[in-house]
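Please view the sequence and the structure alongside the text.

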Amino acid sequence: MFTATIGNSHAGRKVARRQYLLSLFIALAFALTIYPNKAQAQIVGDLVVDIPFQFHAGNAKLPAGEYRIHVLDDSDLTVMEISSADGSTSALFQVQNTDANSTPAKSELIFNKYGNRYFLAKLFDEGNPSGSEVPKSQYEKRISQEAMQAQEHVPAHRQGQRGK
């Protein structure tokens, strides 16, 4: 009799534990569906930009010219590709989430400037305060210790749009 009571008590705990885990899973799933996902707020689609100076994007050094920038597929929004309009030059660079101080009125790229060297620092899409930030490369970190920093803003537009 005593053994049967212990067995029933143990079985009851298993059921209670399953119910607890199930309700915890449901609560977690609900929280994830209502919590805004910042990664979704980054640059989506292609940006086209005419960059009037030589610059660095991540570890790549690129010449002045017209470029197309987009998030690399299957990168969890953490890698972007920049390629020249003629397709002759391209580079991949890491990005992370960032927020603008205010909602940008136009799409733009922001460059850190040290003397005559430019480094792609941030990308924002028109009307969206969440954007992408490029982590500083080792080269940029070294240069930033030697020179004063300024910023250069370069307007961009969605592929297929002009004059905005």
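A nonpolar core is a set of buried Ala, Val, Leu, Ile, Met, Phe, Trp, Tyr and Cys residues joined through side-chain atoms within 4.5 Å. Buried stands for under 20% relative accessible area, exposed for over 50%, and partly exposed for the range in between (1.4 Å probe, protein chains only). The model is predicted: local features need pLDDT of at least 70 and side-chain atom pairs count only at pLDDT 80 or more, while totals for chains, interfaces and linings use all residues. Residues are numbered from 1 along each chain as its sequence is written, and side-chain values use heavy atoms, with hydrogens and water left out.

**Core.** The largest nonpolar core has 24 residues, of which Phe55, Ile82, Phe93, Leu109 and Phe111 touch the most other members. In soluble globular proteins, nonpolar side chains tend to be buried together. Contact is taken as heavy atoms within 4.5 Å. Not counting residues up to four places away in sequence, Phe111 touches Ile51, Phe53, Phe55, Tyr118, Phe119, Leu120, Ala121, Ala150, Gln151, Glu152 and Val154.

**Overall fold.** Helices (H or I, at least four residues) and strands (E, at least two) are DSSP runs, numbered from the N terminus. The protein chain has 2 helices and 11 strands, in the sequence order α-β-β-β-β-β-β-β-β-β-β-α-β. Of its 164 residues, 32% count as buried. Among contacts between residues at least 6 apart in sequence, 56% join residues at least 24 apart. The chain exposes about 10600 Å², and carbon and sulfur atoms supply 53% of this area; accessible areas come from the Shrake-Rupley method with a 1.4 Å probe, and for residues only the protein chains shown count as cover.

**Strands β5 and β6.** Two strands pair if DSSP finds at least two bridges between them. Strand β5 (residues 79-84) pairs with β6 in the antiparallel sense over 5 bridges, and Val79 has Gln94 in β6 as its bridge partner. The hairpin of β5 and β6 has 5 residues between the strands, and Gly87 there takes a positive phi near 80°. In a regular strand the side chains alternate between the two faces of the sheet.

**Salt bridges.** A salt bridge is a side-chain nitrogen of Lys or Arg within 4 Å of a carboxyl oxygen of Asp or Glu. The structure holds 2 of them.

| Salt bridge | Distance, N to O |
|---|---|
| Asp46 and Arg68 | 2.7 Å |
| Asp125 and Arg158 | 2.1 Å |

Asp125 lies in the loop between β9 (117-124) and β10 (130-133) and Arg158 in strand β11 (residues 149-158), so the pair ties together parts that are 33 residues apart in sequence. Asp125 is buried at 9% relative accessibility, while Arg158 is partly exposed at 23%. The side chain of Asp125 also makes a polar contact of 2.9 Å with that of Ser107. A polar contact is a pair of N or O atoms within 3.5 Å; within protein, one must be able to donate a hydrogen and the other to accept it, and residues adjacent in sequence count only if both atoms are side-chain atoms.

**Tyr139.** Tyr139 belongs to helix α2 (residues 138-146) and is partly exposed, at 29% relative accessibility. Leaving aside neighbours within four places in sequence, Tyr139 is in contact with His56, Arg117 and Phe119. The C-alpha atoms of Tyr139 and Gly58 are separated by 9.3 Å, although the two residues are 81 residues apart along the chain.
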